[in-house]
Amino acid sequence: MRGLVLLCLLPAALSGMNFGWNGPASTTSGAEPSLVPVCNSGQESCGCCLMQKQINRMEQFFNYSVQELKTQLMNSKTNLNYMRASRSAFSVALNNANTLTCFGPFANDKPIIFKNIFINLGNNYNEQTGIFTAPRAGVYSFSISIYSLAASGKAQASCASLRVNGNEAAPLSERNGKDREDSSTAVAAVQLKAGDQVVASLLQGCDICDDVNHYSTFTGFLLYATDKA
Ligand SMILES: *[C@@H]1O[C@H](CO)[C@@H](O)[C@H](O)[C@H]1NC(C)=O
């Protein structure tokens, strides 16, 4: 029986070569030797049938694996495209004035409108409102630097806060400094949902200043995306 099984395997193993049941060069070159007639030819070919079933099962498994790999590759490509489409980074400064120009003070807290755009990849920072809107869920990094110079004889007050949907995430405060100028910086990593709004808010009674040197800046970018909707 073992010999028979081995013989049955030969056509499969040698397909593509010029070998056949009757020795070398007896089959048409390139033609697939057919296993089916052998399997139908009698009881002694049962081993052959088992072998053919086995080969068939292996082929099914192979086909399944290839299909699975194709599916996973497709998923990876889709995810990669999605990540590329949701790239988001901005960096802006208060202004680009030749002489120091300040924003504030105001009677109420107010979003700081940073007018000088260095980069706004994904257009998620709105230069009319000063608001950044998260394009998708993820962990974002934000940093604010503020600077102010008090008029001589006046107390200096530079204060702002990073706000996520109106809630304070990182405060910056330099009130009543004895010196006339001050600057401070805050950096925060924040988990956001798609549509969350982040703003650098100028606190009531404070002001910040800037010129071509860009002392007052607001920067944010998507560190990595998460699944949270
Ligand atoms: C495997 O895939 C090939 C090509 O799609 C197909 O011709 C063959 O019948 C499949 N085999 C099995 C066992 O499903």
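Predicted model: local features only at pLDDT ≥ 70, side-chain atom pairs only at ≥ 80, totals over all residues.

Trainee: Why is the pair of phenylalanine 114 and phenylalanine 218 called tilted?

Mentor: A pair of aromatic rings is described by the distance of the centres and the angle of the planes. Rings pair if their centres lie within 6.5 Å, with planes under 30 degrees apart counted as stacked and over 60 as edge-to-face. The centres of phenylalanine 114 and phenylalanine 218 are 5.6 Å apart and their planes stand at 40 degrees, so the pair is tilted.

Trainee: How many aromatic pairs does the structure hold, and which residues form the cluster?

Mentor: There are twelve aromatic pairs. One aromatic cluster is formed by Phe90, Phe114, Tyr125, Phe132, Tyr140, Phe142 and Phe218.

Trainee: How do you know that tyrosine 140 is buried?

Mentor: Buried means under 20% relative accessible area. Tyrosine 140 has 0% relative accessibility, so the term applies.

Trainee: Where is tyrosine 140, and what does it touch?

Mentor: Tyrosine 140 is in strand β8. Beyond its neighbours within four places in sequence, its contacts include Phe132, Pro135, Val190, Leu192 and Phe221. The C-alpha atoms of tyrosine 140 and valine 190 are 5.2 Å apart, although 50 residues separate the two in sequence.

Trainee: What makes the approach of tyrosine 140 to arginine 136 a polar contact?

Mentor: A polar atom of the tyrosine 140 side chain is 2.6 Å from the backbone oxygen of arginine 136. The limit for a polar contact is 3.5 Å.

Trainee: Why is serine 145 called buried if its relative accessible area is 17%?

Mentor: The value is 17% and the limit is under 20%, so serine 145 counts as buried. Serine 145 is found in strand β8 (residues 138–149).

Trainee: What partner does the serine 145 side chain have in a polar contact?

Mentor: The side chain of threonine 185, at 2.8 Å. Leaving aside neighbours within four places in sequence, serine 145 is also in contact with residues including Ser184, Tyr215 and Thr217.

Trainee: Is serine 184 buried or exposed?

Mentor: Buried, because its relative accessibility is 16% and the cut-off is under 20%. Serine 184 is in strand β11 (residues 181–192). Apart from neighbours within four places in sequence, serine 184 is in contact with Ile144, Ser145, Ile146, Leu172 and Glu174.

Trainee: What makes alanine 150 buried?

Mentor: A relative accessible area of 8%, which means that alanine 150 falls under the 20% limit. Alanine 150 lies in the loop between β8 and β9 (156–164). Not counting residues up to four places away in sequence, alanine 150 touches Ala155, Gln156 and Arg180.

Trainee: Which residues surround the ligand?

Mentor: Asn56, Glu59, Gln60 and Asn63. By class, this shell has no nonpolar, three polar and one charged residues.

Trainee: What about the protein chain as a whole: how many helices and strands does it have?

Mentor: Three helices and 14 strands. Of the 229 residues in the protein chain, 34% are buried. Its accessible surface comes to about 13900 Å², with 55% belonging to carbon and sulfur atoms.

Key
Residues numbered from 1 in each chain as written. Heavy atoms only, no water. Near = heavy atom within 4 Å. Nonpolar A, V, L, I, M, F, W, Y, C, P; charged D, E, K, R; others polar. Helix = DSSP H or I, 4+ residues; strand = E, 2+ residues; numbered from the N terminus. Buried < 20%, exposed > 50% of the residue type's maximum accessible area, 1.4 Å probe, protein only. Polar contact = N/O pair within 3.5 Å; in protein donor to acceptor, adjacent residues only side chain to side chain. Contact = heavy atoms within 4.5 Å. Areas by Shrake-Rupley, 256 points an atom, 1.4 Å probe, with all protein chains shown as cover. Phe/Tyr/Trp six-rings, centres within 6.5 Å; stacked < 30°, edge-to-face > 60°.
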